[in-house]
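Please examine the sequence and the structure shown below before reading on.

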Amino acid sequence: MIFIRFAHKNIMFFQRQQSRGMRFRKKEEEFESKLLDLTRVARMTAGGRRLRFRAAVVIGDEKGKVGFGVAKGLDVARAIEKATRLANKNLIEVPIVNETISHQVEAKFGAAKILLKPQRKGRGLVAGGTVRIICTLAGIKNISSKIIGKTGNKINNAKATIKALKELKSAGFESHTLS
């Protein structure tokens with residue numbers, strides 16, 4: 001009799017463990033990632049140069065979610081992995097209306113200044129470099145953009161683009177003024 005109870009408890013314990021594991025398992029979302037920039041950076045110490053790698057990664061699901069991350073690591077693989085993890089943490093939701101954005105928006109980050117304009121259907125993605133990669137991964141198919149700032153810094157341009165996309169309002173949003 002004791003053996004049967006003991007066996008029964010083990011079975012129950014095993015079933016409980018299985019259900020716990022399934023309950024805490026996260027739903028895997030499919031994100032596409034793109035390496036924006038990979039740079040070798042060095043700092044001087046008494047013993048000489050310490051080399052590290054800096055990676056800038058953009059991830060997106062092409063359905064309105066996009067994220068950007070920058071990280072350093074002792075080797076390329078670690079830097080990319082850390083940057084991807086940061087990009088996952090910094091995901092933003094982009095309101096997309098008819099495969100474009102709802103209104104014109106401008107943003108500045110450091111010396112980078114970005115202008116994003118909505119375009120009619122069929123016009124395509126008229127954007128260069130960093131802005132093109134971010135808009136593609138966000139799922140915006142028709143947009144016109146211009147990098148107004150005088151910098152070629154990819155990281156600042158990416159941060160300015162993300163800032164501009166954060167400032168977008170959904171199509172149903174109406175601004176109410178107090179009279």
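What follows is a short briefing, grouped by topic.

This is a predicted model, in which local features need pLDDT of at least 70 and side-chain atom pairs count only at pLDDT 80 or more, while totals for chains, interfaces and linings use all residues. Residues are numbered from 1 along each chain as its sequence is written, and side-chain values use heavy atoms, with hydrogens and water left out. The protein chain contains 4 helices and 8 strands; helices (H or I, at least four residues) and strands (E, at least two) are DSSP runs, numbered from the N terminus.

**Overall architecture**

- Along the sequence, the elements of the protein chain follow the pattern α-β-β-β-α-β-β-β-β-α-β-α.
- Of the 179 residues in the protein chain, 32% are buried; buried means under 20% relative accessible area, exposed means over 50%, and partly exposed lies in between (1.4 Å probe, protein chains only).
- The protein chain exposes about 12,300 Å², of which carbon and sulfur atoms supply 53%; accessible areas come from the Shrake-Rupley method with a 1.4 Å probe, and for residues only the protein chains shown count as cover.
- Among contacts between residues at least 6 apart in sequence, 56% join residues at least 24 apart, where contact means heavy atoms within 4.5 Å.

**The open sheet**

- Strands of a sheet pair through backbone hydrogen bonds, either parallel or antiparallel.
- An open sheet is formed by 4 strands in the order E5-E6-E8-E7, with mixed pairing; two strands pair if DSSP finds at least two bridges between them.
- Strand E5 (105-109) and strand E7 (125-126) are the edge strands, each pairing on one side only.
- E5 and strand E6 (residues 112-118) run antiparallel and are joined by 5 bridges; Val105 has Leu116 as its bridge partner in E6.
- The hairpin formed by E5 and E6 has 2 residues between the strands, and Gly110 in the turn has a positive phi of about 65°.
- E7 and strand E8 (residues 143-147) run parallel and are joined by 2 bridges; Leu125 has Ile143 as its bridge partner in E8.

**The loop between E4 and E5**

- Asn98 lies in the loop between E4 and E5 and has a positive phi of about 50° although it is not a glycine.
- Asn98 counts as exposed because its relative accessibility is 63%.
- Glu99 is found in the loop between E4 and E5 and has a positive phi of about 65°, although it is not a glycine.
- Glu99 is partly exposed because its relative accessible area is 31%.
- Thr100 is placed in the loop between strand E4 (92-93) and E5, and it counts as buried because its relative accessibility is 8%.
- A polar atom of the Thr100 side chain lies 3.2 Å from the backbone nitrogen of Gln119, and the side chain of Thr100 reaches the backbone oxygen of Asn142 at 2.5 Å.
- Not counting residues up to four places away in sequence, Thr100 touches Pro95, Pro118, Gln119, Ile140 and Asn142.

**Asn142**

- Asn142 lies in the loop between H3 and E8 and counts as buried because its relative accessibility is 3%.
- The Asn142 side chain reaches the backbone nitrogen of Gly122 at 3.4 Å.
- Leaving aside neighbours within four places in sequence, the contacts of Asn142 include Asn98, Glu99 and Thr100.

- Helix H4 (residues 154-166) has 13 residues and reaches 18 Å from its first C-alpha to its last, close to the 18 Å expected at 1.5 Å a residue; the expected span is 1.5 Å times one less than the number of residues.
- The buried residues of H4 include Ile155, Ala158, Ile162 and Leu165.
- The largest nonpolar core has 29 residues, of which Val66, Phe68, Val94, Leu116, Ile140 and Leu165 touch the most other members; a nonpolar core is a set of buried Ala, Val, Leu, Ile, Met, Phe, Trp, Tyr and Cys residues joined through side-chain atoms within 4.5 Å.
- The largest share of this core, 6 residues, comes from H4.
- Apart from this core lies another, of 7 residues, among them Ala55, Ile59, Ala83 and Ala87.

Methods:
Polar contact = N/O pair within 3.5 Å; in protein donor to acceptor, adjacent residues only side chain to side chain.
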